[in-house]
Amino acid sequence: MAVVKADGYGHGAVMVAREAIAAGASHLAVATVDEGVVLRRAGIAAPVLVLGPVDLSEVSTAVASRLTLTISDSRFIPVVARTARVIARTEPVPVHLKVDTGMNRFGAKPESAVRIAHQIEARPELRLDGIYSHFADADGEDDTFTMAQADRFASSLGDLRNARISPGIVHISNSAATLRYREFDHDLVRIGIALYGLSPTPAIMLPMELRPTLGVYSRVSRLWNLERGDSVSYGRTYTATRRERIGLVPIGYADGYRRGLSSVGVVRLKGVECAIRGRVCMDQFVLSIPDSIEVHLGDQVEVISPRPGVVNSVAGIARQLDTIDYEVVTGLSRRIPRIYTKGQAVVAVQDLHALGLVAEHS
Ligand SMILES: *Cc1c(COP(=O)(O)O)cnc(C)c1O
């Protein structure tokens, strides 16, 4: 199951979903009904599981869009069934029952799994298509809690079997659990972060074949010199101590290049690391250009590198910001056009307002 929530972890859900399916994924997962609708509008027909809780007002859209809802309590069962009748679905609506085995976030208590499953089975409009749970600490150092969750999940499955309930597709593992504990694979694994070539945590080494797919690029849009004593950007947090060559890069925190990278961020120009000077603004930042390189207007700036291990990789930036890779990529805003390549060829461009300007330039 390819997890493409949060617009495919910032990579673009539709393109990622299509590639994942072409590569053999059987299912997709999103967090919200809206995200599922986007996939359907793009013509994607694969089963789409909505992982998060939905509002009652979203049920009819979800059912009409053939999304698979997660059931965690009895409340939604009559609503989904009634909606299925109203929309006159000819086939039963598939739902997955989520059991909370220790995350304490979303899901039914293991003790109520059988009762809820019976309630689903009692409705001809519904079909119990799967049962799942979610690990809280699969990327942690100590595996005790993960093992305890797996045990609780196994005993829930046992309860269902004893009650002669067929649970459908059984799944529990996210990326971290899949990389570490193949014994919990069950019928499918829910792969999010690893799908994008990023690691759930620096402590987990990805297999060699999993490489980051995403880079963020901009261009030098102005070049000038600071004189000794000149300050740069809002708040004047940087002052040149000597004559310094400087370049303007038109990307900022509104694009998801976080303000926390002010004065500490590093980008790459002609393969050379360049330091950010002063504050990252909403739409721009300023970088220092080392004397060793010759730079022209329009030269490409590698803002985020697809190469793992470098300072301006997603993982490197996550470390600088004291966060995780997930937050760095999901924070990239839609203002950054997404350009998809295969080999050297551009195969698709998604720019927010569909102006097509990017396609002309790339
Ligand atoms: C986001 C999510 C995943 C994927 O997690 P990764 O760590 O990105 O692999 C799997 N299951 C659930 C319930 C999720 O919310």
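The buried residues of helix H3 are covered by elements that include helix H2 (13–22), strand S2 (28–30), strand S3 (48–50) and helix H4 (59–64), where contact means heavy atoms within 4.5 Å. Helices (H or I, at least four residues) and strands (E, at least two) are DSSP runs, numbered from the N terminus. The model is predicted: local features need pLDDT of at least 70, side-chain atom pairs count only at pLDDT 80 or more, and totals for chains, interfaces and linings use all residues. Residues are numbered from 1 along each chain as its sequence is written, and side-chain values use heavy atoms, with hydrogens and water left out.

In H3 (residues 33–41), Val33, Gly36, Val37, Leu39 and Arg40 are buried, that is, under 20% relative accessible area (1.4 Å probe, protein chains only). They lie on the same side of H3, because they cover an arc of only 160 degrees around the axis, taken from the directions from the helix axis to the C-beta atoms. Asp34 and Arg41, on the other side of H3, are exposed, meaning over 50%. Gly43 follows H3 and has a positive phi near 85 degrees.

The residues around the ligand include Val3, Lys5, Arg105 and Tyr326; a residue counts as near if one of its heavy atoms lies within 4 Å.

| Residue | Protein atom | Distance |
|---|---|---|
| Tyr9 | side-chain N or O | 2.5 Å |
| Gly192 | backbone N or O | 2.9 Å |
| Ile193 | polar backbone atom | 2.7 Å |

The protein covers 93% of the 390 Å² of accessible area that the ligand has on its own, by the Shrake-Rupley method with a 1.4 Å probe.

Conventions:
A polar contact is a pair of N or O atoms within 3.5 Å; within protein, one must be able to donate a hydrogen and the other to accept it, and residues adjacent in sequence count only if both atoms are side-chain atoms.
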